[in-house]
Amino acid sequence: MYGEDQGWWKKFYKGQKGQVSRLTVSPAPEVDEPTYKVVGPIERVDQRDTMQSRTVLKPETPEYEDYYKRHPEH
């Protein structure tokens, strides 16, 4: 790549700059009341139950064994 012509980068940048210049962002409309309705009790979420958090658990560690002993459904 370094030995090749770098002209493509200038064309790419110019195209990106043109696309961004046409973007417009408007603020969210303000409302007097929430646009959602709570229909039941709200429970706390244990972050360890999220899939991303469980990826740090390493097999054969005490934390891994403890978590899966308490939550065999996962």
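The questions and answers below concern side-chain features of a predicted model.

User: Which residues make the nonpolar surface patch of about 470 Å²?

Analyst: One member of the patch, Trp9, is found in helix 1 (residues 7–21). Trp9 has a relative accessible area of 46%, so it is partly exposed. The residues that make the patch are Trp8, Trp9, Phe12 and Tyr13.

User: How far apart are the closest N and O atoms in the salt bridge of Arg70 with Asp66?

Analyst: A search of the whole structure finds one salt bridge. Arg70 and Asp66 both belong to helix 3 (residues 62–70), where they are four residues apart, about one turn of the helix. A salt bridge requires a side-chain nitrogen of Lys or Arg within 4 Å of a carboxyl oxygen of Asp or Glu. For Arg70 and Asp66, the closest N and O atoms are apart by 3.4 Å.

User: Are Arg70 and Asp66 buried, partly exposed or exposed?

Analyst: The relative accessibility of Arg70 is 40%, and Asp66 has a relative accessible area of 39%.

User: What is the angle between the planes in the aromatic pair of Tyr64 and Tyr68?

Analyst: The structure holds two aromatic pairs. In the pair formed by Tyr64 and Tyr68, the distance is 4.8 Å centre to centre, and the pair is tilted. Tyr64 and Tyr68 are separated by about one helical turn because they are four residues apart in helix 3. The angle between the planes of Tyr64 and Tyr68 is 50°.

User: How accessible are Tyr64 and Tyr68, and which residue forms an edge-to-face pair with Tyr68?

Analyst: Tyr64 counts as partly exposed at 26% relative accessibility, and Tyr68 counts as partly exposed at 23%. The edge-to-face pair that includes Tyr68 has 5.1 Å centre to centre and 90° between the planes. The partner of Tyr68 in that pair is Tyr67.

User: Is Tyr67 buried or exposed, and which residues form the aromatic cluster?

Analyst: Tyr67 has a relative accessible area of 3%, so it is buried. Tyr67 pairs with Tyr68, and Tyr68 also pairs with Tyr64. The one aromatic cluster is formed by Tyr64, Tyr67 and Tyr68.

User: Which side chain of opposite charge is nearest to Arg54?

Analyst: Arg54 is placed in helix 2 (residues 51–54). Not counting residues up to four places away in sequence, Arg54 touches Arg48, Asp49, Tyr67, Tyr68 and His74. Arg54 is buried yet has no salt bridge; the nearest side chain of opposite charge is 5.3 Å away. That side chain belongs to Asp49.

User: What is the phi of Glu60?

Analyst: Most residues other than glycine have a negative phi. Glu60 lies in the loop between helix 2 and helix 3, and its 74% relative accessibility means that Glu60 counts as exposed. Although Glu60 is not a glycine, its phi is positive, at about 70°.

How values were computed
Residues are numbered from 1 along each chain as its sequence is written. This is a predicted model: local features need pLDDT of at least 70, side-chain atom pairs count only at pLDDT 80 or more; totals for chains, interfaces and linings use all residues. Side-chain values use heavy atoms; hydrogens and water are left out. Patches are made of residues with over 30% relative accessible area and no salt bridge: like charges are joined within 9 Å, nonpolar side chains (Val, Leu, Ile, Met, Phe, Trp, Tyr) within 5 Å. Accessible areas come from the Shrake-Rupley method with a 1.4 Å probe; for residues, only the protein chains shown count as cover. Helices (H or I, at least four residues) and strands (E, at least two) are DSSP runs, numbered from the N terminus. Buried means under 20% relative accessible area, exposed over 50%, partly exposed in between (1.4 Å probe, protein chains only). Rings of Phe, Tyr and Trp (its six-membered ring) pair if their centres lie within 6.5 Å; planes under 30 degrees apart count as stacked, over 60 as edge-to-face and the rest as tilted. Lys and Arg count as positive and Asp and Glu as negative; His and the chain ends are not counted. Contact means heavy atoms within 4.5 Å.
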